[in-house]
Amino acid sequence: MTPATASAPPSAATTAEPSSASVRRPLLDWRVRFGALSLVWGFSFLFIKVGNEAFAPLYVTLGRMLFGTAVLLVTLAVKRERLPRGARVWGHLAVAAFFLNALPFSLFAYAELTIPSTLAGICNAASPLWGMLLAVVVVSDDRPTRQRVAGLGLGFIGVLIVLGAWQGFSGQDPLGTALALIASASYAVGWQYVRRTLSDTGHSHLSMSGGQLLLGTVQLALVAPVFATTPTSFPALPLLSVLALGALGTGVAFLVQYGLVDEVGPTTAMMVTYFVPVIATTAGVAILGEHLTWNTPVGAVIVLIGAALTQRRAGTSRAPSGGRSRAVSRIVRIHRTGS
């Protein structure tokens, strides 16, 4: 989760005049939807932990993708929109689905076998830091400023504090922590890929997101039976957790986030990211009884400050023009928060 999310290239509707449907006032105030989105994404880490109690991590992720895809496909049918067309688009979407969905979702599920959901939520917040690091190391048109580089350094100091580096990382499982950090880095790689390959397809963000999740589901459906034990029973609570993780935390959350971006702009909508680790930590401690030491919340605050600095830009002149810039931001934002 860099502070937010990703998945939909621009469409004709993005740059056209708003239709009567697009200006219709939503039933719920944007603040209510913002709060609901924060809760759903914050509780995603708890849902993963509960799902792991009955199902192998790959099947937790497969269920998540399956239910999330179902929500988007039903929405596409209701809106009478189609999935994208063209082998090139589907090829790029397959790569995006791997780095933005199948891989990070699976890594977080495996990580939570050995680390608390609170730590997983905080590691997810490191996504913008990885994105900034890519901008520094890889040739990019998104040039880092001194302030953003300082944010990168501050953020990684926060990660070290969360992990208790001065104690030799004692008390944290190194493999589980590494998996969670790699998952957050995968988002950054995926965002860069989407930005460079899927920014001018002519398809709507809903169509692209539906195609992407569908491909991620297919990828997991092929891999899960080979590398994990197929479930033979379906206990109610873990099954409901996976259902909520997919239908709410992946499917509905994508739709709500896009609506927020359209209504209040990407900057305000992106702020949901800063609430997610707070909610994930609160849920883990209050509901799952996870232990919390002083360095975890202190480090998390530093991570979030660093992440916020990496999102600051000197100006808007470097951004791509018009609807394309706005549409690409939506792509990158819908996957970022949704862990």
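I take contact to mean heavy atoms within 4.5 Å, and I keep to that throughout these entries.

**Entry 1: ground rules**

I am working from a predicted model, in which local features need pLDDT of at least 70 and side-chain atom pairs count only at pLDDT 80 or more, while totals for chains, interfaces and linings use all residues. Residues are numbered from 1 along each chain as its sequence is written, and side-chain values use heavy atoms, with hydrogens and water left out.

I looked up Val 159 and, leaving aside its neighbours within four places in sequence, found it in contact with Ala 126, Leu 129, Leu 181 and Val 303. I then looked for the largest nonpolar core, where a core is a set of buried Ala, Val, Leu, Ile, Met, Phe, Trp, Tyr and Cys residues joined through side-chain atoms within 4.5 Å, and buried means under 20% relative accessible area, exposed over 50%, and partly exposed in between (1.4 Å probe, protein chains only). This core has 75 residues, and those with the most contacts inside it are Phe 108, Leu 129, Val 159 and Leu 198. Its largest share, eleven residues, comes from helix 5. I note as background that in soluble globular proteins nonpolar side chains tend to be buried together.

**Entry 2: the chain as a whole**

I counted 15 helices and zero strands in the protein chain, taking both as DSSP runs numbered from the N terminus (helices are H or I of at least four residues, strands E of at least two). Of the 339 residues, 53% are buried. Among contacts between residues at least 6 apart in sequence, 92% join residues at least 24 apart. The accessible surface comes to about 14800 Å², of which 67% belongs to carbon and sulfur atoms; areas are from the Shrake-Rupley method with a 1.4 Å probe, and for residues only the protein chains shown count as cover.

**Entry 3: Pro 104**

Pro 104 is in helix 5, which covers residues 87–111, and I record it as buried because its relative accessibility is 0%. Beyond four places in sequence, Pro 104 is in contact with Phe 98, Phe 99, Ala 183, Ser 186 and Tyr 187.

**Entry 4: helix 14 and its surroundings**

Helix 14 (residues 295–310) has 16 residues and reaches 22 Å from its first C-alpha to its last, close to the 22 Å expected at 1.5 Å a residue, the expected span being 1.5 Å times one less than the number of residues. Its buried residues include Gly 299, Ala 300, Ile 302, Val 303 and Leu 304. The buried residues of helix 14 pack against helix 6 (117–124), helix 7 (127–137), helix 8 (146–163) and helix 13 (276–286).

In helix 6 I looked up Ser 117, which is buried because its relative accessible area is 1%. Not counting residues up to four places away in sequence, Ser 117 touches Phe 45, Leu 46, Lys 49, Glu 112, Ala 280, Gly 284, Leu 288 and Glu 290. In helix 13 I looked up Val 278, which is partly exposed at 48%; its C-alpha atom is 8.4 Å from that of Pro 297, 19 residues along the chain.

**Entry 5: salt bridges**

I found two salt bridges in the structure, counting a side-chain nitrogen of Lys or Arg within 4 Å of a carboxyl oxygen of Asp or Glu. In one, Asp 29 pairs with Arg 31, the closest N and O atoms being 3.1 Å apart; Asp 29 is partly exposed at 37%, while Arg 31 is exposed at 53%. Arg 33 pairs with Glu 263, with closest N and O atoms 2.3 Å apart. Arg 33 lies in helix 3 (residues 30–52) and Glu 263 in helix 11 (residues 236–264), so this pair ties together parts 230 residues apart in sequence. Arg 33 is buried at 14%, whereas Glu 263 is partly exposed at 38%.

**Entry 6: a loop residue**

I looked at Arg 80 in the loop between helix 4 (57–79) and helix 5. Its phi is near 60°, a positive value in a residue other than glycine, and Arg 80 is exposed, with a relative accessible area of 79%.
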